[in-house]
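This report concerns a predicted model.

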Amino acid sequence: MRSHAKGRIGSLLRLALLGACLCRAPGALAIVDEIQVYTDDLDARGESGLELHINTTPSGRSTPDYEGDVPPYHGVRITPEFSWGLGHDLDWGLYLPTTTDSDGHFYFGGAKLRVKWLPVRGAEGGSGWYAGINNELSDLNKSFSDSRWNDEVRFIGGYRGAGWLVGVNPILEWALSPGFRGSPDFTLAWKAMIDVARGFSLGAEYYQDFGPLSNPLAHDQQNRTLYAVVDVERKAWSLNFGVGRGLTPATDDWTLKAIVGIAFN
């Protein structure tokens, strides 16, 4: 890992943690439209792509958390994400989240804009450490969040080996709308995969929402989900598919998720 990259990432970590202490806490973010662990993927300068995030909850929460909330039970969340490579280890993306409820009614969620910086990563197709940071600003409707304006800082780290990959994302998320003061929510996500054939790998993803950073939720009140995952990588497209099982009473029992990626060069 390059020393100057270490210094830049260390500075970003300190700034993000300082901002987390000064900013407002997240509102009730009811719908999770993007179930993903960020790894070493990055659009190169001039490249663009589309990822279609799809997830549904066959068994889970069926009552609203707040007025206007769309419970996840039997709902289908479909979110296109458009991305563009900027060069200088940067790319950016635009999300347009949507959902249907258990009766099939359609809701447009708003928009999310993200910027990813990944200054540490191995050569394309090679092994090595990777590290970076992603910031996401969202303007969401009540169907997706009790707070209209929200911000997420996601740290990206891991290692890609010869035929395997591990990655971890510590995530800080807080609201920017009036009336949602306090410590940011903290979520930890990780991923571990092993290749079983060319372009085909199996593994697991895990997501744990601890609640407010300054006052974590009790164990049985935290959202904790473990996914069995299949990744398929081809030259022009990719697929991430997972079946998730909730591990606490506060978590949806079963969640299915898929991410279909298409590259435009």
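Thr225 lies in strand β12, which spans residues 223–233. With a relative accessible area of 11%, Thr225 is classed as buried because the cut-off for that class is under 20%.

Leaving aside residues up to four places away in sequence, Thr225 touches Glu205, Tyr206, Tyr207, Gly244, Arg245, Gly246 and Thr251. One of these, Glu205, is 20 residues from Thr225 along the chain, and their C-alpha atoms are separated by 8.3 Å.

## Salt bridges

The model has 13 salt bridges. In one of them, the side chains of Asp40 and Arg160 meet at 2.7 Å, N to O. This pair links distant parts of the chain, 120 residues apart: Asp40 is in the loop between α1 (3–22) and β1 (48–59), and Arg160 is in strand β8 (residues 149–161). Asp40 is buried at 15% relative accessibility, whereas Arg160 is partly exposed at 28%.

Asp91 and Arg114 also form a salt bridge, with their closest N and O atoms 2.9 Å apart. Asp91 belongs to strand β3 (residues 90–95) and Arg114 to strand β6 (residues 110–120), 23 residues apart. Both residues of this pair, Asp91 and Arg114, are buried. Elsewhere, salt bridges with shared partners join Lys191, Glu205, Asp231 and Lys257 into one network.

## Nonpolar surface patch

Leu52, Val76, Ile78, Trp237, Val260, Ile262 and Phe264 make a nonpolar surface patch of about 530 Å². Strands β2 (76–87) and β14 (254–264) each supply at least two of its residues, and β14 gives the most, with three. Phe264 is found in β14 and is partly exposed, at 43% relative accessibility.

Note on methods:
Residues are numbered from 1 along each chain as its sequence is written. This is a predicted model: local features need pLDDT of at least 70, side-chain atom pairs count only at pLDDT 80 or more; totals for chains, interfaces and linings use all residues. Side-chain values use heavy atoms; hydrogens and water are left out. Patches are made of residues with over 30% relative accessible area and no salt bridge: like charges are joined within 9 Å, nonpolar side chains (Val, Leu, Ile, Met, Phe, Trp, Tyr) within 5 Å. Accessible areas come from the Shrake-Rupley method with a 1.4 Å probe; for residues, only the protein chains shown count as cover. A salt bridge is a side-chain nitrogen of Lys or Arg within 4 Å of a carboxyl oxygen of Asp or Glu. Helices (H or I, at least four residues) and strands (E, at least two) are DSSP runs, numbered from the N terminus. Buried means under 20% relative accessible area, exposed over 50%, partly exposed in between (1.4 Å probe, protein chains only). Contact means heavy atoms within 4.5 Å.
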